[in-house]
Amino acid sequence: MTATQDRAAGLREQLVAWRRHLHMHPEVGFHEHETAAYIEAELQKMPGLTVTRPTATSVLAVLKGGQPGRTVLLRADIDALPIHEENRFEFASTRPGVMHACGHDGHTAILLGVAKLLSEHPGTVPGEVRMIFQHAEEIGPGGAEELVMETPLMDGVDVVTGLHLNSQLPAGVVAVKAGAFMAAPDTIELTIRGKGGHGAHPEETVDPIAVGAQVVTNLQHVVSRMVAAQDALVVSVTKFVSGTTHNVIPDSAELMGTVRTFDPALRERAPQLIERVVGGICAAHGAEYDLRYDFGYRPLINTDWVAAQLREVALDVVGEDRFREAKPTMGGEDFSAYLEKAPGAYFNVGAGSDEADSRWPHHHPRFTIDETSLETGVQMLHAAALRLAQPQNEPA
């Protein structure tokens with residue numbers, strides 16, 4: 001066992017306590033006032049940290065090391081989701097309709113653990129380590145964008161990293177990938193305006209439900225017939241609302257969906273391709289439409305040399321048998337905002353196990369984590385901070 005692993009093992013009970021407190025008191029994005037106050041209070045107990053509040057619901061801890069080195073930013077997101085928890089834990093959410101269903105309570109506990117380890121031996125730390133406990137990852141425009149654009153958080157940052165607990169990976173596994181890792185999550189909102197009337201006389205109407213159904217079906221032609229097969233694209237209609245009763249054809253239908261891409265050029269083309277399909281179908285049936293396309297977070301593209309460093313860290317920390325080459329996912333992450341300002345990489349730590357009943361998917365009301373993953377997360381993020389801060393670890 002390495003010194004870092006030994007010290008992280010000594011934090012097991014504290015990591016669980018932090019995570020469970022946060023799990024019991026979840027708050028959604030831009031409302032994490034109690035969460036931020038709790039994090040700030042815990043950080044204030046650690047010597048050598050400068051603790052500030054860049055925004056009303058985010059917390060920054062800075063440790064200036066005792067050796068020359070680079071400035072590294074470590075990030076944990078702290079917000080919860082508007083989901084009613086179905087778990088029956090003694091530490092289940094105490095707020096109806098709000099829960100940590102994506103592991104952010106674990107991310108926060110992990111970064112608190114890293115802060116504690118760094119603060120205990122600041123003289124051995126190279127450079128400067130900034131630890132941002134970020135608000136509002138789950139809600140656009142995202143807390144990362146606010147921190148990057150409206151605060152000096154990224155001034156002088158040389159490299160950035162962070163992790164996500166993943167219930168679909170076995171607990172203790174670490175997965176790293178260079179290049180495209182997470183997609184850009186964009187949103188479409190469509191209103192189809194027809195002509196309502198009696199359900200017995202559809203010939204006298206322009207049925208927005210029938211038109212909308214064709215739109216839903218034909219949008220998949222954007223994926224299968226307008227884009228090269230090797231270019232990743234997802235178009236999912238996730239909301240379709242229309243009508244009030246069985247014998248009335250309504251005047252309008254409202255649809256909503258998501259578009260996911262990795263390639264910036266394809267992302268720019270997607271609105272035109274979608275509107276071509278929507279416009280053609282509506283024109284063919286005499287309907288009108290309003291289409292809104294909102295660009296969400298940028299795709300998360302890991303910097304190759306940083307990912308290579310994290311791979312080496314993972315092999316040191318968990319060994320080859322628990323290392324995985326991560327697969328890209330069409331999920332989105334506002335960590336991408338930091339990568340607009342500095343090189344960096346994001347990675348996964350497995351948190352799924354049958355013993356902890358923690359293989360439920362993210363954003364599910366039964367979601368939870370195997371808490372042994374917290375220790376792995378601390379080991380990884382602490383070791384990554386020390387390696388990335390070393391001045392000799394420059395890109396080739």
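1. Two strands are taken to pair if DSSP finds at least two bridges between them. In this predicted model, strand β8 (residues 184-193) and β13 run antiparallel and are joined by seven bridges, with Ile192 standing opposite Tyr289 in β13.

2. That pairing belongs to an open sheet of four strands, ordered β10-β12-β8-β13 and paired in antiparallel fashion. Its edges are formed by β10 (233-242) and β13 (288-294), each of which pairs on one side only, and neighbouring strands are turned against each other by 15 degrees on average, direction ignored.

3. Two helices deserve a look alongside this sheet. Helix α6 (residues 208-218) packs on the sheet, where α6 touches β8, β10 and β12 (252-261), and its direction makes about 165 degrees with that of β10. Helix α8 (residues 264-285) lies across β8, β10, β12 and β13, and runs at about 165 degrees to β13.

4. Among the 24 salt bridges that the structure holds, the one between Glu145 and Arg298 has its closest N and O atoms 3.1 Å apart. This pair links distant parts of the chain, since Glu145 sits in helix α5 (residues 143-150) and Arg298 in the loop between β13 and β14 (300-302), 153 residues apart. Glu145 is partly exposed at 24% relative accessible area, and Arg298 is partly exposed at 28%.

5. A network of salt bridges links Arg19, Arg20, Glu90, Asp105 and Glu371.

Definitions and conventions
Residues numbered from 1 in each chain as written. Predicted model: local features only at pLDDT ≥ 70, side-chain atom pairs only at ≥ 80, totals over all residues. Heavy atoms only, no water. Axes fitted to C-alpha atoms, helices over the stretch in contact; angles between N-to-C directions. Contact = heavy atoms within 4.5 Å. Salt bridge = Lys/Arg side-chain N within 4 Å of Asp/Glu carboxyl O. Buried < 20%, exposed > 50% of the residue type's maximum accessible area, 1.4 Å probe, protein only.
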